[in-house]
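Please keep the sequence and the structure in view while reading.

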Amino acid sequence: GKSVTEAVFIIIMLVLSFSLVNMFDSMGTLMGAGRQSGLIDENGEVIHMQEALMADAISTAAGALVGTSTVTTVVESSAGIAAGGRTGMTSLVTAALFLGAIIFAPVVSIVPAAATAPALIFVGVLMLSNIKDVDFSDMTNGLPAFCTVVFMPFTYSIANGIAMGLITYCLLKILARRPKEVEVLTGLIAVVFVFRYAFMTLG
């Protein structure tokens, strides 16, 4: 009946929403961190991006199966990159320090967020240097990039920023009568995000 169809639609939209948010959060973080660390090839693509995303996907699924909070790529990794880290050893050292922090949790919790935030703000400034590669002479590229940069901090979500960038990119290319410049997959993802936000609003 209708209720079953609605339930299936809701489930599909929830799965797609969580999948897209997780994927774009991870992709945004990996691309930012990869460019910051210089681990990019001659085409400007992050080296071993597919393997990194696969590791993220497996760890996310494994974490869900054992009931932990979502395992995901975090932008704080860029602090390790800024300190000179370029290999997986950085992550292992961080993990060891986190284990140690469990023992000293009461002491660590005394340190206010205001004391640690400046380090991440400085790293954010370093990552912002990549914006120089955006072609702002073409408004159909510049405005989506601007929307991406603005929506990330204001909505506290990398995925929301990327979603708004994709949606405005597709809209501007269509309005500028240059729809052929939009890849099919880019357009499909933008449409899915539009449905997601419409579903969230109606829900």
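The model shown is predicted. Its largest nonpolar core has 15 residues, and among these Phe24, Leu166, Ile189 and Phe193 touch the most other members. At least two residues of this core come from each of helix H1 (2-37), helix H8 (158-175) and helix H9 (184-202). The greatest contribution is that of H8, with seven residues. In soluble globular proteins, nonpolar side chains tend to be buried together.

Phenylalanine 193 illustrates the contacts. Not counting residues up to four places away in sequence, phenylalanine 193 touches Leu20, Phe24, Ala159, Ala163, Leu166 and Ile167.

Two further residues may be set side by side.

| Residue | Relative accessible area |
|---|---|
| Threonine 60 | 16% |
| Valine 107 | 53% |

Is threonine 60 buried or exposed? Threonine 60 counts as buried because its relative accessible area of 16% falls under the 20% limit. This residue lies in helix H2 (residues 49-65). Apart from neighbours within four places in sequence, threonine 60 is in contact with Asn22, Thr70 and Val71.

Valine 107, by contrast, counts as exposed because its value of 53% is over the 50% limit. Valine 107 is located in helix H5 (residues 105-108). Together with Ile103, Phe104, Val108 and Ile110, Val107 forms a nonpolar patch on the surface, and these residues have about 540 Å² of accessible area together.

Key
Residues are numbered from 1 along each chain as its sequence is written. This is a predicted model: local features need pLDDT of at least 70, side-chain atom pairs count only at pLDDT 80 or more; totals for chains, interfaces and linings use all residues. Side-chain values use heavy atoms; hydrogens and water are left out. Patches are made of residues with over 30% relative accessible area and no salt bridge: like charges are joined within 9 Å, nonpolar side chains (Val, Leu, Ile, Met, Phe, Trp, Tyr) within 5 Å. Accessible areas come from the Shrake-Rupley method with a 1.4 Å probe; for residues, only the protein chains shown count as cover. A salt bridge is a side-chain nitrogen of Lys or Arg within 4 Å of a carboxyl oxygen of Asp or Glu. Helices (H or I, at least four residues) and strands (E, at least two) are DSSP runs, numbered from the N terminus. Buried means under 20% relative accessible area, exposed over 50%, partly exposed in between (1.4 Å probe, protein chains only). A nonpolar core is a set of buried Ala, Val, Leu, Ile, Met, Phe, Trp, Tyr and Cys residues joined through side-chain atoms within 4.5 Å. Contact means heavy atoms within 4.5 Å.
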